[in-house]
Structures are given as structure tokens and as C-alpha cells.
Amino acid sequence: MDKILLAEDTLITMADGIQKHIEDIYIGERVSSNDGYAHIVTKLAMAATNKICVLTTEKGKILRFAEGSKIESNDTIVYEKMNLDKNEILTVDGTEKISDMHTQEYKGRVYAIYLNKDAYIIANDFIVK
């Protein structure tokens, strides 16, 4: 899997600056990216999972995603297959240290967003793809 499967309550920053829960986004809508462009959502994939990873930064930002996800941020792999490869991640406020990462039980859906161009998205103020 190349995409992050984000928890259903993840807030995605749209091209107009508002934030929408990932489960409320539709194909054809535009999301904001850190490259300054808006990118069109071409596909949304949904899955169910019973475990989720929770990544927290020192400033308290939280990103929840399925265990099998791969997270890239700032042109480096931060997380893959239950391994934190870096101790920092890029957010809208700049680079932040990761203070905790653990798994927990989860009985919800996870979603992946596909865009018309390979680009970073802003999810819960994290800049990831």
C-alpha cells in the first residue's frame, strides 16, 4: 500500500481553506497542498480496521491511521510497517518532534485520498502523503 489510510474523523484542508472530515469529501473536490496548488480528488478508498496507530507530536497534534500505512513528510518516509523511521514530522507550523506513537483498538473506517497529481495533503495540520 502506498497511501495513508486515515481515520474517519481526520480533518482535511480543502482548497478554500476550510477543513472537512475525510469521510465527507467527494470525488471532484479540491484539497489544499503545501505546494501552493489545489489538487482534485480523483478517488476515495475506504476500509475497516480493528487497530489504528496514533502519532502525537510534542505540541499535541494527533494523526490516526491504519497500521499498514506509509507516511511521507518533507520528502522522507516517517513511518512504515510499525516503524518510526524519523523522530520529526512536517506540520503547518513547521517541523515538530514526534513524542509518542502507539496502536489502539478501533472500530471505525479508514480512508485514502487519491489526487490528480502526486502531492502532499494537509491532514489534521500534518503535511503528509
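These legends describe several views of one predicted model.

**View 1**
From the N terminus on, the elements run β-β-β-β-β-β-β-β-β-β-β-β-β. The radius of gyration is 13 Å, close to the 14 Å that the globule rule gives for 129 residues, so the protein is as compact as a globular protein of that length. Its C-alpha atoms fill a box of roughly 35 × 30 × 25 Å along the principal axes.

**View 2. Surface and interior of the protein**.
Of the 129 residues, 42% count as buried. The protein exposes about 6700 Å². Carbon and sulfur atoms supply 45% of that area. Contacts also reach along the chain: among those between residues at least 6 apart in sequence, 59% join residues at least 24 apart.

**View 3. Strands β7, β8 and β9 form an open sheet**.
The order is β7-β8-β9, and the pairing is antiparallel. The edge strands are β7 (70-73) and β9 (83-84), each of which pairs on one side only. Strand β8 covers residues 76-80. Two bridges join β8 and β9 in the antiparallel sense. At one of these positions, E80 has N83 of β9 as its bridge partner. In general, strands of a sheet pair through backbone hydrogen bonds, either parallel or antiparallel.

**View 4. Strands β10 and β11 form a hairpin**.
Two residues lie between these strands. Strand β10 spans residues 88-91, and strand β11 spans residues 94-115. They run antiparallel and are joined by four bridges. L90 has T95, in β11, as its bridge partner.

**View 5. A salt bridge joins K61 and E96**.
The N to O distance between these side chains is 2.8 Å. K61 lies in the loop between β5 (38-57) and β6 (62-66), while E96 lies in strand β11, so the pair ties together parts that are 35 residues apart in sequence. Both K61 and E96 are buried. The pair also belongs to a network of salt bridges that links K61, D93 and E96. In general, side chains of opposite charge can pair when their charged atoms come close.

**View 6. A salt bridge joins K70 and E72**.
The closest N and O atoms of K70 and E72 are 3.7 Å apart. K70 counts as buried because its relative accessibility is 17%, and buried means under 20%.

**View 7. A salt bridge joins D118 and K129**.
The closest N and O atoms of D118 and K129 are 3.0 Å apart. The pair links distant parts of the chain, 11 residues apart. K129 sits in the segment after β13 (126-128), and D118 sits in the loop between β11 and β12 (121-123). K129 is partly exposed, with a relative accessible area of 22%. D118 is exposed, with a relative accessible area of 57%. The structure holds nine salt bridges, including this one between D118 and K129.

How values were computed: Residues numbered from 1 in each chain as written. Predicted model: local features only at pLDDT ≥ 70, side-chain atom pairs only at ≥ 80, totals over all residues. Heavy atoms only, no water. Pairing = 2+ DSSP bridges. Salt bridge = Lys/Arg side-chain N within 4 Å of Asp/Glu carboxyl O. Buried < 20%, exposed > 50% of the residue type's maximum accessible area, 1.4 Å probe, protein only. Rg over C-alpha atoms; globule rule 2.2 N^0.38 Å. Contact = heavy atoms within 4.5 Å. Areas by Shrake-Rupley, 256 points an atom, 1.4 Å probe, with all protein chains shown as cover.
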